[in-house]
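I opened a new page for this one and plan to jot things down as I look them up.

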Amino acid sequence: MIFTVKIGNDWDEILADEWQTPNYLRLREFLKNEYRTRKIYPQMNDIFNCLKYTSYADTKVVILGQDPYHGAGQAHGLCFSVQRGVEPPPSLKNIFKELHDDVGVPIPRHGELTAWAKQGVLLLNTVLTVREGTPNSHQGKGWEAVTDRIVAELNRKQTPIVFLLWGANARRKAEIITNPIHRKLTTVHPSPLSAYGGFFGCRHFSKANQILQESGQQPVNWTLDEGGIS
C-alpha cells in the first residue's frame, strides 16, 4: 500500500537513503497494516505534504508540532492545518488568536495553512500519522527518527532558519539544531490545556519576521483570508 516515497522536489535527493533504513522499513510495514486495518489520518497520499509544499531550498521558518489531528477530515499533512470547510480545532484557534494579537492579522475564515507553506514555512509534525480518535497512537513507531533526520538536514543549511518549537515533543528537537546561524523560539503547545502558560504573548510570528528581515530574507505574510495570499 505504501510505495517508495516521492516528494517531487529537492527533498527526494536529500532524503533518498532515509527510505532504505531499517527504521523506515519497519515503520513502513507498521503503516501498511495500520492503513489496512484501521482508520488513519492523514490520507496516505497526504502524509508528506509538508515536504511537498515546502522544498528544502525554500525553507526559512519551521513550525514544529506534535502529531496530526485525529478527527475525520482534519489532517492533511501540514501541522496544525485543516482543510477548508473544516472547523479549526482549539489549538489552531489559539494560534490565530496569538497571530491576531501579535501582528494584527484578522482571524481567518478557514484553517488551511498552505499559504504559509508556499512561502517557505515548513509545517512539520514530530510524528506524521495517527489513528482516528487516538492522539499520540503512532508515537514511538519510527517517525521520530525520520523527523529528526529532516531537522538535522535543515540544521546543515547555510541560510538562516527560524525554528518555532511549540510543546514538549517539538522542544525535544532543539538539541539537533546546533548551527549558530539558525534561531530557536520555544514555548508551550497552543492547546487549551497549555496556551495560557506561555503561548499567548510569545509573539513568535513578529519575532520570526524580524529575524528573517535581519538576515536579508523576505518576511512571511501571515494573512490567510481570501483576498490575501492563496
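**Aromatic pairs.** I went for the rings and counted twelve aromatic pairs. My rule takes rings of Phe, Tyr and Trp (its six-membered ring) as a pair if their centres lie within 6.5 Å; planes under 30 degrees apart are stacked, over 60 edge-to-face, and the rest tilted. Phe 48 with Trp 143 is an edge-to-face pair, at 5.7 Å centre to centre and 70 degrees between the planes. Phe 48 sits in the loop between strand 1 (40–41) and helix 3 (49–53) and Trp 143 in helix 6, so this pair ties together parts 95 residues apart in sequence. I looked up cover too: Phe 48 is buried, and Trp 143 is as well. Buried here is under 20% relative accessible area, exposed is over 50%, and partly exposed is in between (1.4 Å probe, protein chains only).

Next I took Trp 166 and Phe 199, whose ring centres are 5.0 Å apart with planes at 80 degrees, so I noted the pair as edge-to-face. Trp 166 belongs to strand 5 and Phe 199 to the loop between strand 6 and helix 8, 33 residues apart, so to speak a link between distant parts of the chain. Both Trp 166 and Phe 199 are buried. I then followed the ring pairs onward and found a cluster of Phe 80, Trp 116, Trp 166, Tyr 196, Phe 199, Phe 200, Phe 205 and Trp 222.

**Ground rules.** I am reading a predicted model, where local features need pLDDT of at least 70 and side-chain atom pairs count only at pLDDT 80 or more, while totals for chains, interfaces and linings use all residues. Residues are numbered from 1 along each chain as its sequence is written, and side-chain values use heavy atoms, with hydrogens and water left out.

**Overall build.** I listed eight helices and six strands; these are DSSP runs numbered from the N terminus, helices being H or I with at least four residues and strands E with at least two. Along the sequence I read the pattern α-α-β-α-β-α-α-β-β-α-β-α-β-α. The radius of gyration is 17 Å, close to the 17 Å that the globule rule gives for 230 residues, so the protein is as compact as a globular protein of that length. That radius is taken over C-alpha atoms, and the rule is 2.2 Å times the number of residues to the power 0.38. The C-alpha trace spans about 45 × 40 × 35 Å along its principal axes. Of the 230 residues, 57% are buried.

I also checked contacts, meaning heavy atoms within 4.5 Å. Among contacts with a separation of 6 or more, 67% are between residues 24 or more positions apart.

**Phe 80.** I came back to this member of the ring cluster. Phe 80 lies in the loop between strand 2 and helix 4 and is buried, with a relative accessible area of 8%. Leaving aside neighbours within four places in sequence, its contacts include Ile 63, Leu 64, Tyr 69, Ile 95, Trp 166 and His 189.

**Helix 8.** Which residues of helix 8 (residues 204–214) are buried? I found His 204, Phe 205, Ser 206, Ala 208, Asn 209, Ile 211 and Leu 212. They pack against strand 2 (61–65), helix 4 (90–103), helix 5 (114–117), strand 5 (162–166) and strand 6 (183–187). Just after helix 8, Gly 216 has a positive phi of about 80 degrees.

The peptide bond from Tyr 41 to Pro 42 is cis, with omega near -5 degrees, and Pro 42 is in the loop between strand 1 and helix 3. Asn 136 is not a glycine, yet its phi is positive, near 65 degrees. I placed Asn 136 in the loop between strand 4 (130–131) and helix 6, partly exposed at 30% relative accessibility. Arg 203, also not a glycine, has a positive phi of about 55 degrees. Arg 203 is in the loop between strand 6 and helix 8 and is partly exposed at 41% relative accessibility.

**Ala 145.** My last stop was Ala 145, in helix 6 (residues 143–155). Ala 145 is partly exposed, with a relative accessible area of 35%. Apart from neighbours within four places in sequence, Ala 145 contacts Glu 18 and Asn 23.
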